[in-house]
Amino acid sequence: MKKQILSGIQPSGILTLGNYLGALRNWVKIQDEYDCKFFIADLHAITVSQDPETLRQNTKNVIMQYIASGLDPEKNTIFVQSHVHEHAELGWILNCTAYMGELSRMTQYKDKSKKQDNIKVGLFDYPVLMAADILLYDADFVPVGEDQRQHLELTRDVAQRFNNTYNKEIFKIPEPFIQKETGRIMSLQDPTKKMSKSDSNKDGFISLLDPREEIVRKVKKAVTDSENVIRYSDDKPGIKNLMNIYSAITDKNYEEIEAEFKDAGYGEFKLAVANTIADSLEPIQAKFNELNAPENNNYLNSILARGAKEASLIASKKVAEVKEAVGFLGK
Ligand code: TRP
C-alpha cells in the first residue's frame with residue numbers, strides 16, 4: 001500500500017513562482033511514489049474577503065496550473081474543497097475538540113488579523129478546517145511550507161485529543177513531509193516577507209502566467225542593497241532571494257552562482273535570473289493556455305467530477321465513523 005499524501009493551495013490569486021518552486025514542483029516529483037490528493041482550498045480562501053467572480057476564475061486557474069505544472073490527473077486525486085461537503089462537516093465537529101487557547105496562539109492568525117478590522121470567525125477557525133482536510137483522508141504525510149507547520153502541529157494535537165476522548169483510533173496522526181529545501185521564496189518588493197499571491201503590491205510576486213517582459217520588469221525592480229556584488233549573505237536579503245530562485249531553477253549552489261556572476265553587476269544578474277524564470281515557466285504557460293481553451297472545459301470538469309467523487313467516497317466513510325463515535329443517532 002502506498003502512503004497517503006494530501007496538500008492544498010488557496011485560490012486567493014494566480015499561483016506564484018513561490019507556489020511553484022516551494023510546492024507544486026515538489027508535488028510533481030512524488031506523484032508516482034505516493035497516493036496523492038491535491039485540492040483547491042476555496043473554503044479557506046473566503047476567510048478573507050473575495051470577489052465572487054474572481055474567486056471562481058482563480059479556482060479554475062489553480063486547477064489548470066496544477067495540471068500545467070505536471071500533476072497528472074490520472075495519478076492523483078485533484079478536487080475542489082467545497083465540492084466535498086464533509087470538509088465543512090468535520091470542521092464543525094472538530095471545532096468542538098479544538099481549544100480557543102491553542103487557536104489564539106497561531107502566528108498566521110495573529111499576523112493576518114493585525115492587518116484587518118472586521119476579523120471573521122473563519123479566519124480564527126481556519127486551522128480547524130485545515131485539520132479536517134487532513135484527517136478526513138488518513139494522510140500519512142502533508143507537504144507544507146514553514147508557515148503551515150504550526151497548523152499541522154495543531155492538527156496532530158486535535159487528532160490525538162479526539163482519539164483519546166472517544167477512546168478509538170479514528171484519526172491517523174499526520175507527519176510533515178520534508179522535501180529537499182528550496183530556500184524560501186520571498187517578495188521581490190520586501191525580501192523579508194514570503195512571496196504571496198495575495199500581496200497588494202503586484203510587483204512583489206511573479207505569477208506563473210506572467211509574460212517574459214513582465215518577469216524582466218519585476219525582477220529588475222526587485223529591491224536589493226547597493227553593494228552591486230553577487231554574494232550570498234543574510235545581510236543581503238534581496239540578492240539572497242534572487243540567488244535562491246536561480247538556484248532552485250538551475251540546481252546550482254551558491255558558490256557556483258557567485259563564480260558565474262563574479263564580474264557582473266546587479267543589472268546583468270537580474271536579467272539572467274529573469275530569463276531563467278521565464279524559460280522555466282514557458283512550457284507551463286503553453287500547457288495552461290491549451291487547457292484554458294474552451295474546448296477543454298469539459299475535460300477539466302470531468303477531472304473535478306471524478307476527483308470529488310473519489311474524495312467523497314473516502315471522506316463520507318470517515319465522517320460516518322466520527323458521527324458514530326461522538327454519539328450522533330444514525331439515520
Ligand atoms: N493553509 C494552507 C495554505 O494556506 C492551505 C491548506 C488548507 C492546506 N488545507 C490544507 C495545506 C491541508 C495542506 C493540507 O498554504
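Strand E3 (77-80) and helix H13 (297-326) each supply at least two residues of the lining of the second largest cavity in this predicted model, helices (H or I, at least four residues) and strands (E, at least two) being DSSP runs numbered from the N terminus. A cavity is here a set of points, on a 1 Å grid over the protein atoms alone, where a 1.4 Å probe fits but cannot get out, and its lining residues have an atom within 4 Å of a point. The lining of the second largest cavity consists of Pro73, Asn76, Thr77, Ile78, Ile303, Arg306, Gly307 and Glu310, and its largest share, four residues, comes from H13. By class, this lining divides into three nonpolar, three polar and two charged residues, where Ala, Val, Leu, Ile, Met, Phe, Trp, Tyr, Cys and Pro count as nonpolar, Asp, Glu, Lys and Arg as charged, and the others, Gly among them, as polar. The space in the second largest cavity amounts to about 30 Å³, a volume being the space filled by probe spheres set on the points, with grid points joined across faces, edges and corners.

The model is a prediction in which local features need pLDDT of at least 70 and side-chain atom pairs count only at pLDDT 80 or more, whereas totals for chains, interfaces and linings use all residues. Residues are numbered from 1 along each chain as its sequence is written, and side-chain values use heavy atoms, with hydrogens and water left out.

In total, the structure holds two cavities of 30 Å³ or more. The largest cavity contains about 40 Å³ of space and is lined by Gln108, Tyr109, Lys112, Leu123, Tyr126, Pro127 and His151. Helix H6 (107-114) and helix H7 (121-136) are the elements that give two or more residues to this lining, which divides into four nonpolar residues, two polar residues and one charged residue.

A nitrogen atom of the ligand is 2.6 Å from an N or O atom in the side chain of Asp133, and a nitrogen atom of the ligand is 2.7 Å from an N or O atom in the side chain of Tyr126. A polar side-chain atom of Gln10, in turn, lies 3.1 Å from an oxygen atom of the ligand. Of the 360 Å² of accessible area that the ligand has on its own, the protein covers 89%, with areas taken from the Shrake-Rupley method with a 1.4 Å probe.

Most residues other than glycine have a negative phi. Asp138, in the loop between H7 and strand E4 (141-142), has a positive phi of about 50° and is partly exposed, with a relative accessible area of 28%, where buried means under 20%, exposed over 50% and partly exposed in between (1.4 Å probe, protein chains only). Asn167, in the loop between H8 and strand E5 (175-176), has a positive phi near 55° and counts as exposed at 71% relative accessibility.

Helix H8 (residues 149-166) also contains Asn163, which is buried, with a relative accessible area of 2%, and whose side chain reaches the backbone oxygen of Phe171 at 2.9 Å. Asn58, in helix H3 (residues 52-68), counts as buried at 8% relative accessibility; Asn58 and Ser12 are 46 residues apart in sequence, with a C-alpha to C-alpha separation of 6.8 Å. Asp35, in strand E2 (residues 35-40), counts as partly exposed at 29% relative accessibility, and the C-alpha atoms of Asp35 and Ala139, 104 residues apart along the chain, are separated by 9.4 Å.

Key:
1 Å grid on protein atoms, 1.4 Å probe; cavity = no way out; pocket = protein on both sides within 12 Å on 5 of 7 lines; lining within 4 Å. Polar contact = N/O pair within 3.5 Å; in protein donor to acceptor, adjacent residues only side chain to side chain.
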